[in-house]
Amino acid sequence: MKIDRHARQSAKKYFRACVKPDGSLNEQAVREIIQLLVTEKPRNYLPVLSRLQRLIEIAVEERTVQVESATPLPDRGASIFQDLEKQFGPASRTYYEEKPNLLGGLRIRRGSSIWDGSLSSRLDRLQQAFS
């Protein structure tokens, strides 16, 4: 759905009001703004809500951290999550998963960034080099 410039600007203004100084989302502010838009129903409020939803989804995704390891980690990745938090700030969501198909090493994903130190990815790169 294509939205006009005014709706995009309004959504961005509302989104900025929902962001804390540390960059995380203020969930209470999000609820209040959505409630305000739904009850008052200003002109073009549906495109504004749609764009605001997308901006919030992007913000949550960028602050989501996923750690995958081939073998169980003793602290289920807690030390890795702490190190990432020191470097990038607090995460909105954290996930830890064991994936034996990695063969060894770790794969860390934060938002759209992926750090892949797994043995399976190294073998894949080596296979592509010979192909």
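1. Basis. The model is predicted, so local features need pLDDT of at least 70 and side-chain atom pairs count only at pLDDT 80 or more, whereas totals for chains, interfaces and linings use all residues. Residues are numbered from 1 along each chain as its sequence is written, and side-chain values use heavy atoms, with hydrogens and water left out.

2. Helix pair. Helix α1 (residues 5–18) packs with helix α2 (residues 27–40) at an angle of about 145°, their axes being 8 Å apart; helices here are DSSP runs of H or I with at least four residues, and strands are runs of E with at least two. Axes are lines fitted to C-alpha atoms over the stretch in contact, and angles run from 0 to 180 degrees between N-to-C directions. From α1, Tyr14, Ala17 and Cys18 meet Ala29, Val30, Ile33 and Leu37 of α2, where contact means heavy atoms within 4.5 Å.

3. Strands β3 (residues 106–110) and β4 (residues 113–116) pair in the antiparallel sense over 4 bridges, pairing requiring at least two bridges found by DSSP. Arg109 has Ile114 in β4 as its bridge partner, and in the turn of this hairpin Gly111 has a positive phi of about 65°.
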